[in-house]
Amino acid sequence: MKHASHYNDLGFELTIDLNPSLRQITMENLGGLFNPSSPEMEAMAGLTYYTIAITVVILGIIVIAVAYIIIRYRKKPGDDSEPYQDFGNIKLEIVWTAIPIAMVAVLFLLTCSTMKTVDPPAGDREPDLVIIGHQWWWEIRYPSSGVSTSNEIHIPAGEKMLVRLESIDVIHDFWVPELGRKIDLVPGHPNYIWLVAGKPGVYLGACAEFCGEQHANMRIRVVAEPEDEFNKWQDEQLAIPRTPTEGIAGEGAKLFQTMACMNCHTIRGTAAAARVGPDLTHLADRATIGAGVLTNTPENLAKWLANPQRYKQGAFMPNMKLSDSEVKSIVAYLEALDEQ
Amino acid sequence: MSSRIPLVPENTVPLPSLKANNGLLSWVSSVDHKQIGIMYLIITLIYFLLGGVEALLIRVQLAHPGNDFLTPELYNQLFTMHGTTMIFFVVMPFLIGVGVYLLPLMIGARDMAFPRLNALSFWLFFFGGILLYYSFFTQSGAPDVGWFAYAPLSEKPFSLNKGPTYWALGLLASGIGSVASGLNNVVTILTMRTPGMTMRRIPLFVWMMLVTSLLLVFVIPIITAAFAMMLLDSILGATFFTPAHGGSAILWQHFFWGFGHPEVYILILPAFGIISEVIPVFSRKPIYGYEFVAASTVAIGLLSLGVWAHHMFAVGLGNVTNAFFSLASMLIAIPTGVKVLNWVATMWGGRINFATPMLFGTAFIIEFVIGGLTGVAIASVPIDWVVTDSYFIVAHFHYAIFGGSVFAIFAGVYYWFPKFTGRMLSETLGKWHFWLTVIGFNMTFFIQHFLGVMGMPRRTYTYYDMPYWGPMNLISTIGAMILGLSVIVFVWNILVSLRHGKPAGDNPWNAWTLEWATTSPPAVENFELVPPVRGRRPLWDLAHPDMPDEPDAKIV
């Protein structure tokens, strides 16, 4: 389980899965390369460890040689003699050219075999998951079931998911450090990767290719669950909620359809079907708002609606100048959608 | 020869001094390679301070998670300008400037082959930099799309401000200057050598500048053309790099890195040249394996043209393409390793004088080897998939460019300052500068290797408070402050030594190449008389007529 809290001088705090054993130095806490959580990541981590070990040995040899030289061949005070003028030795040159050639050959062979492990060809298989990069959030679609969500990817633990990655605007990069490789989301050039989590857990990631003003706040949560929990989640996502008509939530539903909200967002079962911003049908199920800027609580959702630019400057959701009561109604509506 | 008959008559006529006409106009209108070289050095020092301040602001912002010291907009402008400044307006022009100053002296020439072209190069660089920095004063601010300016982010509709346009125009102008410098260097080295100075005898710095200059001539036009296409896109509505209208975003990356990776060698090869001059002189031995050091430079130059896509392993070019560029990139380790081992072998058995130039030269070997070894590691595609676009890469290339190029530049400044100015830099301040640099540099960047593999992405104005990330970033920021302090000591040393430094004399380090055979600073046409060249170390031959480097050499 990963955990992080995000303090902000604006006076709010984001806490995700706070783990009490946070202060211990464990491989799990260090994360990333230190906690490979898929067979692919294990293969890459193994190659990285091996290579780093070799480079540390080479560095060690050079450091020791230079340290010896500094002690042994330092000019003594008053000694102005010229040392033996040595112009070189061809045999030595051949030896120290040949050794690196052999090392490079080995590294290259390991590189090719690891590439094959991480990126086996997919054949004609249809993708299980489509991830579409937007400035600055992730659209997540499951083509076989029709589920559509954002920023939070649910996968069944232990299963190899074929992911198709696209971008709708600029180049982004999908990176969940504990699960595997980076892969760019390039407009006009779809890419494929395998996404696997060895065991259930929450794995945090982020966009790794600079994509504009809010590149820092384009975060990914991968939730790997046992098969039955994943299926249950999928069914819940597919449910089309009834639109509330009464009370404060009913107010919110009306506001949503009459204000600009529906120009960008989808809520299934209503007229709102735009794909500019995230699908909000099951927003209340998700852990964060704004691709990881705020923890998803009704209070934070109200703050976000009151002025998204305060928390994510430059994001395409403008300050709608909603009144407090309008904010309250829309929050009630979005929360109510998930209760049915 | 044992009777020590001087081979060169004693020079009794005082040589004309630069001080005779050093008004501002004499500089602005100058076509003298030394004055132009000095102007390059002064301007790059100013840009070094600007780029350094940008770096410190970035580090302050990252000192703790969730900091709001800088807005995301300003942060993005600062990291773009830091990278652009340090590469295009500090390291590259510094090395060109040192080259312009030293090449004619080292080969016994009076000036560059094309002195006016030399001046044109400098002024294109000068005004290119001003054009870039002027963007800070415009309404839309400085460019904020990274020093790599990936399309389509750098183009409409994703960049509606004019920052990237200033960026492309500024670099276009200074790039044309760089091509002209490259051509000028190549022609100078090939045609202006003094009699006896064969290609097998030119100093290694000259060899490395020759290869660098050829790279400039071959690769800067790639990016110049790409800038033109980018400007057509942004000003005239062309669509070279916009996928929405049939262009290709990946094409820009091929152009950019087709230039951008050889550029890395443009930044490091002259640094290798400086080190190949400093280490022998302070070890009191000739360079070990001259032919291998020179030939490995040529090998690096050629290989560097075929490695660019290792910056694109995450783009999805396919495993065959990735494997090709992976192997090509790993091969560069071989000639580079040859160089490092030859430097170490040069020091082996010497009488090493650890004056400041040699301190930086020795530290260069270690720091550069760290950057080089991580470079070999990330040439491996799966390792690159793990670390690319993370802080590991920030650590890697700062070890290569700061630990490599900039350490060598400091070595070169302490080594040649006496030749440039006639005065020595202070050794006491030099040692302070050296130790603060070593501590600050390693403290800033070593820890970033770990941040990267733990999952911290690059180019983000803020980051989650993941375990240890905050304290590790704080250590890095403190290191950067120490590095900032070291630069203050360096600048102080230059300012004090210019006025009060110990007079240098012609050859304070008892070095062997021709630039030390003339006065410090050299007179307008460099040499009253060029000493005879019968080997690689003309001044060694003069001082040791009983044991010259090439005993059988004939006087040309």
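Modeller: Let us take a helix pair and then a strand with its neighbours. This is a predicted model, where local features need pLDDT of at least 70, side-chain atom pairs count only at pLDDT 80 or more, and totals for chains, interfaces and linings use all residues. Residues are numbered from 1 along each chain as its sequence is written, while chains are lettered from A and ligands numbered from 1 in the order in which they are written.

Biologist: At what angle do helix α7 and helix α9 of chain A pack?

Modeller: Two packed helices are described by the angle between their axes and the distance between the axes. Here α7(A) (residues 298-306) and α9(A) (residues 324-336) pack at about 130°, with axes 9 Å apart. Axes are lines fitted to C-alpha atoms, for helices over the stretch in contact, and angles run from 0 to 180 degrees between N-to-C directions.

Biologist: Which residues of α7(A) and α9(A) meet?

Modeller: Among them are Leu301(A) and Leu305(A) in α7(A), and Val327(A) and Leu334(A) in α9(A); contact requires C-beta atoms, placed from the backbone, within 7 Å.

Biologist: And which strands pair with β3(A)?

Modeller: Strands pair if DSSP finds at least two bridges between them; helices (H or I, at least four residues) and strands (E, at least two) are DSSP runs, numbered from the N terminus. β3(A) pairs with β7(A) in the parallel sense over five bridges, and Val130(A) has Arg164(A) as its bridge partner. Five bridges also join β3(A) to β4(A), and these run antiparallel. There, His134(A) is partnered by Trp137(A), and β3(A) and β4(A) form a hairpin with two residues between them.

Key:
Contact = placed C-beta atoms within 7 Å.
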